[in-house]
Amino acid sequence: MTDADRVVVVGAGIAGASAADHLARETDAEVLVLERGAAPAAETTARSGAFVGFWGHESPACVPLLRYGIRYYGRLLSTAGSRVRFVHGGRLRLATTPAGDADVRADFESAFGRTVAGSTATATKGAPVQYLSGDTLDETLVLPGLATDEVTGALYSPGVGYVDDPAALARTVLDRARAGGATVETDTTVTDVLTDGGRVTGVRTTEGRRRADAVVAAAGPWNRRLLDTAGVTLPVRNTRGPMLVLDTDEHGLPALYHEESGVYTRQNQDGSLFVGHFPGQYEDASVLDPDSVGDDVPDARRDRSLDVLGRLCPGTRGASVVDEWVGVRTVTPDGDPVLGPTDVDGLSVLAFNANGIQYAPAAGRLVAADVGGFDPGFPTAGVAFDRLG
Ligand SMILES: Cc1cc2nc3c(=O)[nH]c(=O)nc-3n(C[C@H](O)[C@H](O)[C@H](O)COP(=O)(O)OP(=O)(O)OC[C@H]3O[C@@H](n4cnc5c(N)ncnc54)[C@H](O)[C@@H]3O)c2cc1C
């Protein structure tokens with residue numbers, strides 16, 4: 001993908017928007033974004049918790065990509081009239097059993113290559129991360145409404161915040177791409193990636209064929225299906241991302257993640273609380289058809305999530321669920337994103353491990369660098385498609 005003159009980007013979520021923005025501003029390519037929906041960013045991106053920041057467990061391959069994304073969002077959201085807000089507040093990963101505390105502590109030790117001696121330890125990866133034993137939590141942070149006596153250990157990541165409206169974020173990025181010359185066509189489904197002699201020649205869509213010198217698969221959980229049409233196997237799996245929105249008038253807390261159950265929260269500025277569930281990584285995932293996943297959170301899942309939340313934050317018991325949805329995450333075998341060229345000449349993919357809001361800016365930069373033949377400014381081998389064998 002060195003001298004591409006027309007690049008087709010499939011999908012207008014945050015990944016496609018970022019790819020289009022970088023391609024339009026940093027290369028001479030003619031950029032065409034094809035989105036099957038009636039509007040951009042109405043799928044995984046709209047259903048996201050949208051946390052961005054250093055959590056502490058980033059791999060060496062991901063650290064420079066995240067630095068790039070943080071700087072990109074900082075600048076983007078500084079522009080006058082931005083309709084998107086970044087909300088700080090930090091994130092608290094909480095264990096409530098001795099085994100959970102041992103896991104939290106072991107993760108801290110392996111992430112930072114040092115032993116926790118005593119009841120607190122602080123280390124820095126991009127931003128600081130602090131290990132706190134259960135009995136030091138309530139003398140370190142003011143946490144009204146949190147049952148701190150239940151907590152056996154915690155990791156506090158003050159650098160983590162969230163984008164309040166990830167769909168609006170993607171639309172803002174897409175507007176920049178349009179201003180840079182990109183074209184966006186909605187209501188257009190790509191049915192096949194067309195190749196000839198191992199090289200991309202275009203795409204077949206519900207609206208006819210489109211010629212392309214390069215194609216970027218930015219179709220979220222539909223990427224696997226899309227790449228199949230070009231004979232490329234993307235070895236990713238999926239998990240369901242159920243989200244409940246609770247109407248509470250509790251105090252604001254950092255975002256919470258409960259180690260033993262995978263239940264997490266996002267405290268919104270309007271007082272509402274997102275309550276999500278993270279079921280685990282690749283080993284706990286399966287291949288899902290994203291079109292078969294509806295927006296109703298199953299009753300058993302809802303009951304378990306609310307039960308955990310009620311134990312951690314007793315004041316939320318009885319709060320009403322005012323909205324809910326289920327998104328489909330993509331997860332990769334080694335937990336890092338899969339970004340850039342595939343085995344087919346001219347065909348790239350942007351696939352994330354459940355954290356595409358964080359890594360979309362770097363993904364866009366990587367694609368533009370590949371098309372434009374310049375150095376993206378960070379190493380890419382650790383996130384390359386071919387590392388998966
Ligand atoms: C519940 C939940 C919580 C999350 N929390 C976070 C978080 O805190 N932080 C974070 O960084 N990430 C988080 N994520 C992950 C993040 O939301 C995703 O990684 C990211 O939104 C993926 O963006 P995308 O553009 O790749 O996919 P999508 O947003 O799904 O966009 C893909 C687009 O491609 C279109 N498309 C698909 N097939 C075709 C086709 N054949 N032709 C044309 N168009 C097509 C779709 O309609 C869609 O608009 C979360 C995800 C979920 C589900």
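**Entry 1: the ligand shell**

I began by sorting the shell around the ligand by class, and I noted 17 nonpolar, 16 polar and five charged residues. I keep in mind throughout that this is a predicted model. I then looked up which residues make up the surroundings: 38 residues surround the ligand, and the closest are Gly11, Gly13, Gly220, Gly327 and Gly356. I next listed the elements that give two or more residues to this shell, and they are helix H1 (14-26), strand E15 (237-247), strand E19 (320-331) and helix H8 (356-372).

**Entry 2: the two domains**

I looked up how the protein is divided, and I found domain 1, made of 6-80 + 165-235 + 334-388, and domain 2, made of 87-160 + 237-331. For the contact between them, I recorded 22 residues from domain 1 and 27 residues from domain 2. On the side of domain 1 that touches domain 2, helix H2 (residues 63-76) gives the largest share, which is three residues. By class, I noted that this side of domain 1 divides into 10 nonpolar, nine polar and three charged residues. I also took the distance between the centres of the two domains over C-alpha atoms, and it comes to 28 Å. Returning to the ligand, I saw that its shell draws at least three residues from each of domain 1 and domain 2.

**Entry 3: an open sheet**

I followed an open sheet of three strands, whose order is E3-E9-E4 and whose pairing is antiparallel. Strand E3 (51-52) and strand E4 (86-88) stand at the edges with a single partner strand each, so one side of each is left without a neighbour in the sheet. I then looked at how E4 meets strand E9 (residues 161-163), and I found that three bridges join these antiparallel strands. As one point of reference here, I noted that Phe86 has Val163 in E9 as its bridge partner.

**Entry 4: two hairpins**

I turned to strand E11 (residues 190-196) and strand E12 (residues 199-205), which pair in the antiparallel sense over six bridges, with Leu194 standing opposite Gly202 in E12. These two strands form a hairpin with two residues between them, and in the turn I noted Gly197, which has a positive phi of about 60 degrees.

I then followed E12 onward to strand E13 (residues 208-211), where the pairing is antiparallel over four bridges. E12 and E13 also form a hairpin with two residues between them, and in this pair I found Thr205 opposite Gly208 in E13.

Key: Residues numbered from 1 in each chain as written. Predicted model: local features only at pLDDT ≥ 70, side-chain atom pairs only at ≥ 80, totals over all residues. Near = placed C-beta within 6 Å. Nonpolar A, V, L, I, M, F, W, Y, C, P; charged D, E, K, R; others polar. Domains from an automatic or database assignment. Pairing = 2+ DSSP bridges. Contact = placed C-beta atoms within 7 Å.
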